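Look at the chain, then read on.

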Amino acid sequence: MISTKKLTESSAAFNTCTNAYVPHEVLVALWQDESTKTEPLVYAGEHVEEGQLIARDSRSLCQIHSPVPGKVEKFSVISLPNGKTGPCLTIKTEGSFSFLGRPKKKQQWDFMFADQLIRSIGEKGVINTFYKPKPLAVELMQQKLRQENRSIFLRLYDLDPTNCADSFIAKNYMPQILEAMSILSHIVEPSAVYCLFDKASTPKEDTDAMNILFNTVPLHFIPVDVSKYPCGGTFDVLRLVRRSAKSPDEISVSRKDLFIDSMTALSVYEAIVLNQPSMTRFVSVGGEAMTESKLFKVRIGTPIKNLLAECGGFCSQPSKILINGRIYGSAISNFDTPVTKYTKSITVLPKRLIDYIPTSPCIHCGNCRKICKADLQPDKLYMQYMKKSHLTPDEIKMTLLCSECRLCNMACPSRLPLFQTINEIKKIAETNYED
Ligand code: SF4
Ligand code: SF4
């Protein structure tokens with residue numbers, strides 16, 4: 001484990017949130033998660049309402065809605081925040097908003113069946129952003145099919161300690177998050193719900209409300225020292241929950257359970273209680289090349305250049321743009337890249353901070369082995385994979401234990417892409433050895 005003190009931007013600017021300006025045009029990516037491809041349901045020149053369905057996947061489990069009212073201008077291919085390219089449609093903002101600025105009416109959901117709730121979550125386009133973005137409705141359907149004990153884990157802090165969106169939502173939207181957890185409990189019927197929170201900021205718990213919401217499901221709040229990295233991945237969460245239990249052998253939890261973050265819980269609340277599709281995101285903008293740091297509530301499809309401009313532009317020559325944090329983030333090179341449902345942060349780094357040190361041969365320092373909590377031998381796996389030498393089934397299977405924390409990369413003085421290589425071997429293991 002490492003201390004996050006050196007990594008986190010201790011900016012007071014992230015304690016408050018600003019509504020970003022509604023852009024003149026939005027670029028709505030048709031791929032809003034890792035796997036789902038949607039087809040547009042509108043044509044160029046068509047007028048759309050805010051919240052209108054504009055693209056749908058084949059199973060309607062991850063639909064996309066217009067974040068603004070306006071006119072569909074064109075279809076094109078753009079850079080996405082995950083560093084890839086993909087199709088998008090451009091909508092020029094015009095007309096009046098159907099949701100923005102209107103009073104929000106709460107709707108009753110407790111009479112709805114689990115299948116109806118899952119369908120509604122899919123129709124509203126809720127993405128689970130706990131780790132790799134996935135349609136939540138698909139995960140909920142998978143949970144329903146599992147015969148064994150099921151649990152739900154809610155992470156109320158950020159996976160990447162250099163982000164702040166999930167922690168901000170946890171601090172400011174706890175009643176909404178708890179109602180969302182109650183909805184998910186209604187669907188999944190778990191044996192327990194575990195809420196992991198930053199021990200430095202006790203969540204506001206309304207005991208009476210929680211007893212009504214979770215009348216039969218045990219709800220556990222687990223304090224976590226978020227100043228120690230890693231603590232937010234699937235393996236870390238399981239470890240923390242097991243460690244907090246009085247008799248760890250008696251609790252039955254696994255990585256097949258449902259893991260969600262604050263952002264996803266808030267989207268579930270908006271979808272089911274407010275009957276509102278996923279159209280906005282909380283996105284922090286910062287980094288040493290930025291004049292100011294800010295946390296925005298922003299329309300999906302807003303080009304990131306608009307947010308950079310709202311932060312006063314650059315104070316030094318930008319050299320690298322990272323989306324979703326300094327540890328887990330992807331680098332992008334295009335300021336027209338739009339905010340998607342999985343965008344949580346934008347970090348712009350100046351040239352002086354990016355010492356380009358090329359990779360060099362392994363010096364056998366042992367750092368990667370010492371730091372790996374999964375007891376893997378990243379150097380050995382890397383060498384064998386690169387030399388295409390034979391990896392035994394046991395060596396391949398061992399990579400399933402990799403928690404994807406990336407600490408081996410951080411510890412390596414030779415800057416070898418250890419995590420990326422182990423991840424490639426892990427994909428082979430997942431295909432061949434996971435049931
Ligand atoms: S191999 Fe690297 S990324 Fe995987 S658990 Fe070990 S240190 Fe973390
Ligand atoms: S940390 Fe890097 S240089 Fe050191 S043993 Fe591991 S792979 Fe080799």
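Q: What makes residues count as contacts of Val28?
A: This is a predicted model. A contact needs C-beta atoms within 7 Å. Setting aside neighbours within four places in sequence, Val28 is in contact with Ile54, Ile64, Pro67, Cys88, Leu89, Ile91, Ile300 and Gly301.

Q: Which core does Val28 belong to, and what makes a set of residues a nonpolar core?
A: Its members must be buried nonpolar residues joined through C-beta atoms within 7 Å. The largest such core has 93 residues. Val28 is among those with the most contacts inside it, along with Ile121, Leu154, Val268 and Leu307. Helix H4 (residues 174-188) gives the most to this core, with 8 residues.

Q: How do you know where this core lies relative to domain 1 and domain 2?
A: Look at who contributes. Domain 1 (2-103 + 277-352) and domain 2 (114-272) both give residues to the core, so it lies between them.

Q: What lies apart from this core?
A: Another core of 17 residues, including Cys368, Leu376, Leu407 and Cys412.

Q: Why is strand S17 called largely enclosed?
A: A residue is buried if 20 or more other C-beta atoms lie within 10 Å of its own. In S17 (residues 280-286), 7 of the 7 residues are buried, so the rest of the structure largely encloses the strand. Both faces are involved: Thr280, Phe282, Ser284 and Gly286 point one way, Arg281, Val283 and Val285 the other, and all are buried.

Q: How do you know that S17 pairs with S18 and with S21?
A: Pairing takes at least two bridges. S17 has 6 bridges to S18 (residues 294-299), and these strands run antiparallel. S17 has 3 bridges to S21 (residues 345-350), in the parallel sense. So both pairs pass the cut-off. Ser284 stands opposite Leu295 in S18 and opposite Ser345 in S21.

Q: Why is the protein chain called as compact as a globular protein of its length?
A: The chain holds 13 helices and 21 strands. Its radius of gyration is 22 Å, close to the 22 Å that the globule rule gives for 435 residues, so the chain is as compact as a globular protein of that length. Along its principal axes, the C-alpha trace spans about 65 × 55 × 40 Å.

Q: What share of the residues count as buried?
A: Of the 435 residues, 45%.

Q: How far apart are domain 2 and domain 3?
A: Their C-alpha centres lie 29 Å apart. Domain 3 covers 367-433.

How values were computed
Residues are numbered from 1 along each chain as its sequence is written. Chains are lettered from A and ligands numbered from 1 in the order in which they are written. This is a predicted model: local features need pLDDT of at least 70, side-chain atom pairs count only at pLDDT 80 or more; totals for chains, interfaces and linings use all residues. Domain bounds come from an automatic or database domain assignment. Helices (H or I, at least four residues) and strands (E, at least two) are DSSP runs, numbered from the N terminus. The radius of gyration is taken over C-alpha atoms; the globule rule is 2.2 Å times the number of residues to the power 0.38. A residue is buried if 20 or more other C-beta atoms lie within 10 Å of its own, exposed if 12 or fewer, and partly exposed in between; C-beta atoms are placed from the backbone. Two residues are in contact if their C-beta atoms, placed from the backbone, lie within 7 Å.
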